[in-house]
Amino acid sequence: MRFERFEMFKVFVRFLGFVVLAIGISAPALAHHSAAGIDRSKTVTLIGTVKQFGWQNPHSWMEVEVPNESGVVTTWKVEMTSPAFLIRAGWKSTTVKPGDKVTVKVFPLRDGDPGGLFQSVTLADGSTLTERAAAPRPTP
Amino acid sequence: MKFAAAVTLACAMAVGGLSAQDLGVLAPANLTKPRPKPPIDITGTWFIDLGFPGSWRFGPPYPKLTPDAQKHFDASRKAQAEGKVYRDDIGQCWPAGVPLIMTRVWSISMVQLPTVVYMISGFMNSLRVINIDGRPHTDPDLVVRTFNGDSVGRFEGDALVIDTVGFVDHHHWIDSGIPASDALHIVERARLVDGGKKMQIEYTMTDPKSWEGEWKVTKQWNRVDARDMEIAEVECLPDLNSHIPSTQSKENVR
């Protein structure tokens, strides 16, 4: 019993360590270059179709074609974090593909151009992915 | 053992015709040369400790800047207040350079050999070479100036002391708006703490073209052993940047 408690304590400490690491890493993970041109006080929801998805270092990215009420399509450029962090958040290189119907939330550019910083994507099957790790991983 | 190494060194020099000071850091005769055991080995993968005071930035506080540097600093603060980016050279694929490359939010792999320490940042695979085989700095008339500089190291007590000069004088910043010049001189005292789980580096930086006196700051790194914290190939590419909106914003102050 005492051993079990100790094991549970160890698991808790590992979890705590992971949370601290996850928070510490994910918050500024996009800040290797300044993102001051991003307006973090606003969220824009893009309902459209994936045009391209780049699974690349140091940043992944997505282009989403978004039609307006008149049917005119605008291509939005969405900046994402690196594949290493996306993998921790449950992503694969095949998670989104050209032609996929998606709903993407972004922090928009201040200058009004159709681009922004990724917050989340909701896929056609209803599942939602962000850039943050969903669950603690065991310490190797 | 020392005798064997000395013989190896002598033979290598005789066969290769190289004098001891001409041997490269990876030459077997240099690697096996008898040396005192280093007090620390910083080999490992390290990640900046964002919870340590100052996180990844080197200020505030900042030293008293020269008038030219102050102009850049003021312009940077003005841009920041307006939600703009000042001279985001890193976003345009210019190297971060020392010291800023050390605190990017990416892992750094460090490999310590008897003659050299290699530091490879996961960010743009930026390479630092720190020669610890006793050689002096490269002749100032011969040095190729770089963003990471010309580094030599030595052990003092429980610290690896790294002395770096030979920096470029353009597109090289410390934090935002403080220019690093070709007069920049950095001394880093690296120590392992917490049983080797953490590493602290005390920075002493002088650059009479940009600030007065010594700028001292200490940063801390955590050892990260997980496989997914290893470094990988990372490059800044023009076609990639065209997909990264924050590097293309018209609001950026060039």
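Two strands count as paired if DSSP finds at least two bridges between them. Strands (E, at least two residues) and helices (H or I, at least four residues) are DSSP runs, numbered from the N terminus.

This is a predicted model, in which local features need pLDDT of at least 70 and side-chain atom pairs count only at pLDDT 80 or more, while totals for chains, interfaces and linings use all residues. Residues are numbered from 1 along each chain as its sequence is written, and chains are lettered from A and ligands numbered from 1 in the order in which they are written.

**View 1. Strands E1 and E2 of chain B are joined by 3 bridges.** E1(B) covers residues 44–48 and E2(B) covers residues 108–112, and the two run antiparallel. B:Trp46 is placed opposite B:Ile108 of E2(B).

**View 2. A hairpin of chain B links E2(B) to E3(B).** E3(B), residues 116–121, pairs with E2(B) in the antiparallel sense over 5 bridges. B:Ser109 has B:Ile120 in E3(B) as its bridge partner.

**View 3. Strands E1 and E4 of chain A run antiparallel.** A:Thr49 has its bridge partner, A:Lys101, in E4(A).

**View 4. E4(A) and E5(A) form a hairpin with 6 residues between the strands.** E5(A), residues 115–122, pairs with E4(A) over 6 bridges in the antiparallel sense. A:Ser120 in E5(A) is the bridge partner of A:Lys105. Within this hairpin, A:Gly112 takes a positive phi near 90°.
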